[in-house]
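The tour goes stop by stop: select, look, move on.

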Amino acid sequence: MKSDSSDSFNCQPLDSELAVYTCEIHLKFRLIEDKNLLRDREQLLEALLEAFSYGADEYLEPLQAHAEVTEVSEIEASPAMRRQLIRLRNSKDLG
């Protein structure tokens with residue numbers, strides 16, 4: 001049996017409930033909305049996600065939805081995200 005110390009260093013604890021994920025979402029739907037909303041990209045994205053989360057109604061017609069979530073190594077996360085993950089794990093240990 002081969003033991004590689006670098007592999008054991010990079011492994012996450014098996015009992016950890018927290019991990020880092022890459023999430024990709026493709027949504028396609030038709031929406032009745034005010035034309036002025038389309039000018040502000042950040043406001044538009046927020047409105048589209050809110051509308052989609054409410055579901056189909058007379059103003060929204062879902063056409064396609066696909067979500068892909070992949071767990072990634074913590075090393076691939078930004079330093080700020082890794083620090084937050086450590087904080088969350090430490091706070092769970094205390095509670």
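Which residue forms a salt bridge with glutamate 74? Select arginine 89: its closest N and O atoms with glutamate 74 are 2.7 Å apart. A salt bridge here is a side-chain nitrogen of Lys or Arg within 4 Å of a carboxyl oxygen of Asp or Glu. Glutamate 74 sits in the loop between E2 and helix H3 (79–94), and arginine 89 is in helix H3, so the pair ties together parts that are 15 residues apart in sequence. Arginine 89 counts as buried because its relative accessibility is 19%. Buried means under 20% relative accessible area, exposed means over 50%, and partly exposed lies in between (1.4 Å probe, protein chains only).

Two notes before moving on. This is a predicted model, in which local features need pLDDT of at least 70 and side-chain atom pairs count only at pLDDT 80 or more, while totals for chains, interfaces and linings use all residues. Residues are numbered from 1 along each chain as its sequence is written, and side-chain values use heavy atoms, with hydrogens and water left out.

**Whole fold**

Zoom out and colour by secondary structure. The protein has three helices and two strands. Along the sequence they run α-β-α-β-α. Helices (H or I, at least four residues) and strands (E, at least two) are DSSP runs, numbered from the N terminus. Of the 95 residues, 13% are buried. Now consider contacts, meaning heavy atoms within 4.5 Å. Among contacts between residues at least 6 apart in sequence, 74% join residues at least 24 apart.

The structure holds two salt bridges. Select glutamate 61 and arginine 30, whose side chains meet in a salt bridge at 3.8 Å, N to O. Glutamate 61 is in strand E2 (residues 60–72) and arginine 30 in strand E1, so this pair links distant parts of the chain, 31 residues apart. Glutamate 61 is partly exposed, with a relative accessible area of 41%.

Stay on strand E2 and pick glutamate 68. Which residues does glutamate 68 contact, leaving aside its neighbours within four places in sequence? They are Thr22, Cys23 and Glu24. Draw a C-alpha to C-alpha distance from glutamate 68 to threonine 22: it reads 8.2 Å, for residues 46 apart in sequence. Glutamate 68 is partly exposed, at 44% relative accessible area.

Select Ile25, Leu27, Leu45 and Leu49. They make a nonpolar surface patch of about 370 Å². E1 and H2 are the elements that give two or more residues to this patch. Click leucine 49, in helix H2. Leucine 49 counts as partly exposed, at 46% relative accessibility.

Next, select Asp40, Glu42, Glu46 and Glu50, which gather in a patch of negative charge on the surface. Aspartate 40 is in the loop between strand E1 (20–31) and helix H2 (41–54). Aspartate 40 is partly exposed, with a relative accessible area of 37%. Patches are made of residues with over 30% relative accessible area and no salt bridge; like charges are joined within 9 Å, nonpolar side chains (Val, Leu, Ile, Met, Phe, Trp, Tyr) within 5 Å. Lys and Arg count as positive and Asp and Glu as negative; His and the chain ends are not counted. The place of a charge is taken as NZ of Lys, CZ of Arg, CG of Asp or CD of Glu.

**Last stop**

Is alanine 56 buried or exposed? Alanine 56 counts as exposed, at 57% relative accessibility. Find alanine 56 in the loop between H2 and E2. The C-alpha atoms of alanine 56 and phenylalanine 29 are separated by 9.4 Å, and the two residues are 27 apart along the chain.

Terms used:
Areas by Shrake-Rupley, 256 points an atom, 1.4 Å probe, with all protein chains shown as cover.
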